[in-house]
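This report goes through the backbone, the sheets and the helix packing in turn. Keep the viewer open while reading.

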Amino acid sequence: MGALQSTDIERKDVIVSRNPATREVLGEVPDQGAAEVKAAVARARAAQKEWGELPVKERCERMRRFRDVLIHRAPELIDLLVRECGKTRTEALSMDVMTTIDLATYFIKRGPKILAPHSISLHLLKTRGSYLHYVPRGVVGIISPWNFPFAIPMGEAMMALITGSAVVNKPSEITPLIALKTKSLWDATGLPPDLFQVVTGRGATGAALIDSGVDFIHFTGSTAVGKKVAAACGERLIPNVVELGGKAPAVVCADADVDRTAKALVWGAFANQGQVCISVERVYAHQSVHDELVEKVVALTQKLRQGDPSTAGDFDTGTMTWDHQVEIVEERIKTAVSQGAQVRTGGKRAGTGLAFSPTVLTECRHDMDVMKKEIFGPVMPIMKVRDEEEAVRLANDSHLGLAAYVFTGDRQKGKRLAERIEAGTVMVNDCLLAYGAPEVPFGGLKQSGIGHTHSDQGLRDLCQTRHVNYDRLAFKREMWWYPYSDKMYKRTLGLMKWLFR
Ligand code: NAD
């Protein structure tokens, strides 16, 4: 990871990682090709054989060793997350590292129970018994984005390893060093090195992973790339989960606690510089609280302390991670302003590097791009609505459906509204946090994805679910066997009428 000469930066066979706050080169990684990816998958497959045969409890115990190394060496990870992503130290700890350690702890403890064979009582075929058992997939390919370059691939990797699979991760080309750091921590545990591997590269490396003979693909990223990934998996009949883009609405009711709501929205829109798939991306505020809410949101936003998070000082917000994403944010704001939105605060780059001022837009209309297209940056567009019905209708008028938020003083009403919103996760009176609860499923509706991660079911989905059906009572023959006859037909007809009377 030594410093590079500027002449090296354009080399096509390497990827250069830079600190987004200073643009300093942090290191370079190879852009790996199909042959290298295939070889990694073959090594993973060999290592998986023994691992997959261990009892789940034993695998969980061994995974605890990895978890403990992560706890012990968390400061190293946090330091790199800050330098490679521009996120604050607190967010690197709480959103990337701690959530992953909590998830690992949950599944290490619960894994044996979740993956125990599960018997099913058959309502009609009483002479037979059935149970499901969960078999490792083999090699799980994880293709991941840059916004949570530790939590996203490692949460999934922890789960897949507990189920008995091996993992090959293709991290984002924007933040590859964190993945390699994680790999070095894995190797330090003494667990088989080939069981968890990282292949670095751009989109073509991800495509090569899908084509390498893996048994399952877990993809997290944009809707556009997710469609290509799902199609490539479909052609090869590889089971997959795709976790894609979001455009989370926040519905603010007339009876909301405006003070608390403003604080929650500012955090929900600007945490991780708005580069969260479930960031608050559009606010529908009831006309009776709209002006007070805007005033409070703007005041709180202006108080946020922004700076290079790798330097000393208390910062609430750091820099964005990817220069192209900053350009998208600038374009979204420019278009919104040309369509009549007002910038109430922020709206421009802030100092050196990829810092962008947290931005509040008002006078927004639902037909504006900024209310329809994913921003994935520190921008909170606010629109005034007549009533809650209009807010719910507009919240649902989207091709995306990952997360949504409802703010109200009436919890029962909050739940009723939440149930009407078309999103995989809806939170009442808070934002973002639900992703951090490993017990609950996380996944999108519409073009926000297919399938779920987290939860007991998410762990089982990473396995092959196999069904065994056995005889509970032994007879010389079964009534549904040959030979067929008219007598048998009539008896069966009579039985059907009696059973379903
Ligand atoms: P992206 O889709 O550009 O890239 C994601 C990954 O896919 C990267 O590793 C990339 O190299 C790889 N890739 C690119 N082309 C590929 C191809 N043809 N085949 C296989 N792999 C390919 O996304 P990004 O910019 O890294 O991440 C931002 C997006 O991710 C946002 O839209 C955000 O909402 C979404 N996201 C979703 C979730 C979720 O859980 N739903 C979580 C985080 C981010």
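K446 lies in strand β18. Strands (E, at least two residues) and helices (H or I, at least four) are DSSP runs, numbered from the N terminus. The model is predicted: local features need pLDDT of at least 70, side-chain atom pairs count only at pLDDT 80 or more, and totals for chains, interfaces and linings use all residues. Residues are numbered from 1 along each chain as its sequence is written, and side-chain values use heavy atoms, with hydrogens and water left out.

**Backbone**

K446 is not a glycine, yet its phi is positive. Its relative accessibility is 35%, so K446 counts as partly exposed. The cut-offs are under 20% relative accessible area for buried and over 50% for exposed, with partly exposed in between (1.4 Å probe, protein chains only). N429 is another non-glycine residue with a positive phi. N429 sits in the loop between β17 (425-428) and β18 (445-446). L237, which follows helix α8, has a positive phi too.

| Residue | Phi |
|---|---|
| N429 | near 65 degrees |
| K446 | about 50 degrees |
| L237 | near 50 degrees |

Where is the cis peptide bond? The bond joins Y482 and P483, with omega about 0 degrees. P483 belongs to the loop between β20 (463-471) and α16 (486-499).

**The seven-stranded sheet**

Seven strands form an open sheet with mixed pairing, in the order β12-β13-β14-β11-β10-β16-β17. β12 (342-345) and β17 are the edge strands, each pairing on one side only. On average, neighbouring strands are turned by 25 degrees against each other, direction ignored. Two strands pair if DSSP finds at least two bridges between them. Axes are lines fitted to C-alpha atoms, for helices over the stretch in contact, and angles run from 0 to 180 degrees between N-to-C directions.

V343 has L361 in β13 as its bridge partner. Two helices pack on this sheet. α9 (residues 258-270) touches β10 (248-252), β11 (280-286), β13, β14 (379-385) and β16 (403-407), and its direction makes about 135 degrees with that of β14. α13 (residues 388-396) touches β10, β11 and β14, at about 160 degrees to the direction of β11. Contact means heavy atoms within 4.5 Å.

A403 stands opposite T425 in β17. Which residues of β17 form its covered face? T425 and M427 do, while V426 and V428 form the uncovered one. In a regular strand the side chains alternate between the two faces of the sheet.

**Helices around it**

α9 has 13 residues and reaches 18 Å from its first C-alpha to its last, close to the 18 Å expected at 1.5 Å a residue. The expected span is 1.5 Å times one less than the number of residues. Its buried residues include V258, A262, L265, A269 and F270. They are covered by elements including β10, β11, α10 (290-303), β13, β14 and β16.

α13 and α14 (residues 411-420) pack at about 35 degrees, with their axes 10 Å apart. E388, E389, V392 and N396 in α13 meet K413, L417 and R420 in α14. By class, this contact has 2 nonpolar, 1 polar and 4 charged residues. Ala, Val, Leu, Ile, Met, Phe, Trp, Tyr, Cys and Pro count as nonpolar, Asp, Glu, Lys and Arg as charged, and the others, Gly among them, as polar.

**The six-stranded sheet**

A sheet of 6 strands is also open and has mixed pairing, in the order β7-β6-β5-β8-β9-β19. β7 (196-198) and β19 (449-450) each have a single partner strand, so one side of each is left without a neighbour in the sheet. β5 (residues 139-143) and β6 (residues 166-170) pair in the parallel sense over 5 bridges. I143 stands opposite K170 in β6. Helix α5 (residues 151-163) lies across β5, β6, β7 and β8, at about 165 degrees to β6.

α8 (residues 223-236) has T223, G226, V229, A232 and C233 buried. These pack against α7 (203-210), β8 (216-220), β9 (240-243) and β15 (400-401).

**A buried serine**

S455 is in helix α15 (residues 455-461). Its relative accessible area is 4%, so S455 is buried. Leaving aside neighbours within four places in sequence, S455 is in contact with F107, M159, P438, E439, V440 and P441.
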